[in-house]
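Subject: Structure handover

Hello,

Here is the structure I promised to pass on. Please open it next to this email, and my notes follow below.

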Amino acid sequence: MTSSSDRSQAVDVADPKTYEVFTYGCQMNVHDSERLSGLLENAGYVRAPEGSDGDADVVVFNTCAVRENADNKLYGNLGRLAPRKTSRPGMQIAVGGCLAQKDRDTIVKKAPWVDVVFGTHNIGKLPVLLERARVQEEAQVEIAESLEAFPSTLPTRRESAYAAWVSISVGCNNTCTFCIVPALRGKEKDRRTGDILAEIEALVGEGVSEITLLGQNVNAYGSDIGDREAFSKLLRACGEIEGLERVRFTSPHPRDFTDDVIAAMAETPNVMPQLHMPMQSGSDTVLKAMRRSYRQERFLGIIEKVRAAIPDAAITTDIIVGFPGETEEDFEQTMHAVREARFSAAFTFQYSKRPGTPAATMENQIPKEVVQARYERLVALQEEISWEENKKQVGRTLELMVAEGEGRKDGSTHRLSGRAPDNRLVHFTKPDQEVRPGDVVTVEITYAAPHHLLAEGAVLDVRRTRAGDAWEKRTKETQDKQQGVLLGLPKVGVPEPLPAVTGGCAVD
């Protein structure tokens, strides 16, 4: 007799069921969600129309355990869907990601209408678990304690036709006191370099021209094999891939940021002049309490070396304000470090307790009003610096990769948007000739705001690219599919380069 887990995962193609994936948290979760979408489409589901807002046959929540009120947000959304599920026979709800890994059985107890709960290590099981829940008519909770399959080996439905995430490692070996990620994603596990490069080459063959290398601690790559220069070697190898125009990575840890990585960035033409380096605090005392294995002098020394080797590099960071025990003197050290580093942007966060982390039980928790006041001072300082740094771009001629969906006012202002090599967002005047996402335009910067640049003059050059061809082909295929199955056009676009990160080393 065939068990339910052995039954076909595919849905009836004559009556395809729809799915929707909601993603919370970091780039790693965004990447995982692309895999979840690919798994579902491989099993015969089709993506629900844009704006369905949970009105699909299968609704998946890919959760985060690092963000503040993550559990409240999840249970609020689950509660909103409960009456819809009651009135829609056959609808299924699945919860995965870091919060699922952490809370496990709690989710089904609080929301018994959930059909599937799966963890960070077994996302590949989702179609099987959905089918098992349907056949057995009971919730399926399956949390693997170790990685079953590297996410990049799974089917994918990428959100962009011209830019892609490539995961080079999962997990983290650090023990930062504010972060629960290592407990949820496990120890660092690296992919084979050959597998990474093969995936990148395949993506380029599909038309992708920009890739972002992903890891919880991306520049610790190679720790599995004891090669401290493995990451710089990987960057240089990316430079040998024909057709790959832009390489980015996120996010490194200052502890592992060595001179060979800086040299590889400076000497590899397609590695972009951009660095996101989480500082977290400028106080040596606070950094020690955080178990961050560097101090202010070391951090600023890295910034100095990067700027010496790559003068035009845009450097961004993460900063936590109000960590337990932070004094006014400690905070002033953070302000000093920000003035010295002159970040082009900073993701700043007010510390909040995360259950399960050592910091949550530390003494000398800072009063909310003190944290708020410090936060506002830091934001004001960084806004001033960001604006000053952006003003230095005025008059420069830059090549932009045209993006989709990054300029909310593009329609009303008759503009398009793109990303400069250093990842700054630029809004530019729409040219008379057709320009597609993935194409490259040359513009002159005429105005700077704290968070974006403007190129108000005529576009100097338009270069049609294979990436633009890929976007055009994918859009046409999606429209044809839309006409065939009466679905709306799914959103596509370049991956957000620096989503807000709350208290992680780099990514949640």
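Cysteines first. The sulfur of cysteine 64 has its closest cysteine sulfur in cysteine 98, 6.3 Å away, which is too far for a bond. The cut-off for a disulfide is 2.5 Å. A search of the whole structure finds zero disulfides. Cysteine 64 counts as buried, because its relative accessibility is 3%. Cysteine 172 has 5% relative accessibility, so this residue is buried too. Please keep in mind that this is a predicted model.

Now the overall picture. The chain has 508 residues, and 59% of them count as buried. There are 15 helices and 21 strands. Take the contacts in the chain with a separation of 6 or more: residues 24 or more positions apart account for 76% of them.

Next, the cores. The largest nonpolar core has 92 residues. Which of them touch the most other members? They are Leu78, Ile200, Leu213, Leu235 and Phe257. Isoleucine 200 touches Val166, Ile211, Leu213, Cys238, Ile241 and Leu244, leaving out residues up to four places away in sequence. Another core, of 17 residues, lies apart from the largest one. Its members include Leu40, Val60, Leu130 and Ala133.

Helix H5 covers residues 126-136 and is mostly covered, with eight of its 11 residues buried. Those buried residues are Leu126, Pro127, Val128, Leu129, Leu130, Glu131, Arg132 and Ala133. They pack against helix H1 (27-42) and against strands E3 (58-63), E4 (92-97), E5 (116-118) and E6 (140-142). Glutamate 137 follows H5, and its phi is positive, near 55°.

Helix H2 runs over residues 70-87. At 1.5 Å a residue, its 18 residues should span 26 Å. Its end C-alpha atoms are 27 Å apart, so the two values agree. H2 also has a kink of about 30° at leucine 81, shortly before proline 83. The buried residues in H2 are Ala70, Leu74, Tyr75, Asn77, Leu78, Leu81, Ala82 and Lys85. Leucine 81, at the kink, is therefore one of the buried residues. What covers the buried residues of H2 includes E3, E4, helix H3 (98-103) and helix H4 (105-110).Finally, the sheet. Seven strands form an open sheet in the order E19-E20-E17-E16-E15-E18-E21, with mixed pairing. Strands E19 (447-448) and E21 (461-463) stand at the edges. Each has a single partner strand, so one side of each is left without a neighbour in the sheet. Strand E15 (residues 397-402) pairs with strand E16 (residues 415-419) in the antiparallel sense, over two bridges. Valine 402 stands opposite glycine 418 in E16.

Histidine 427 belongs to strand E17 (residues 425-429). Is histidine 427 buried or exposed? Its relative accessibility is 13%, so histidine 427 counts as buried. Under 20% is the cut-off for buried.

Best wishes

Note on methods. Residues numbered from 1 in each chain as written. Predicted model: local features only at pLDDT ≥ 70, side-chain atom pairs only at ≥ 80, totals over all residues. Heavy atoms only, no water. Buried < 20%, exposed > 50% of the residue type's maximum accessible area, 1.4 Å probe, protein only. Helix = DSSP H or I, 4+ residues; strand = E, 2+ residues; numbered from the N terminus. Pairing = 2+ DSSP bridges. Contact = heavy atoms within 4.5 Å. Expected span 1.5 Å × (residues − 1). Bend = angle between axes of the 7 residues up to and from the residue. Core = buried A, V, L, I, M, F, W, Y, C linked by side-chain atoms within 4.5 Å.
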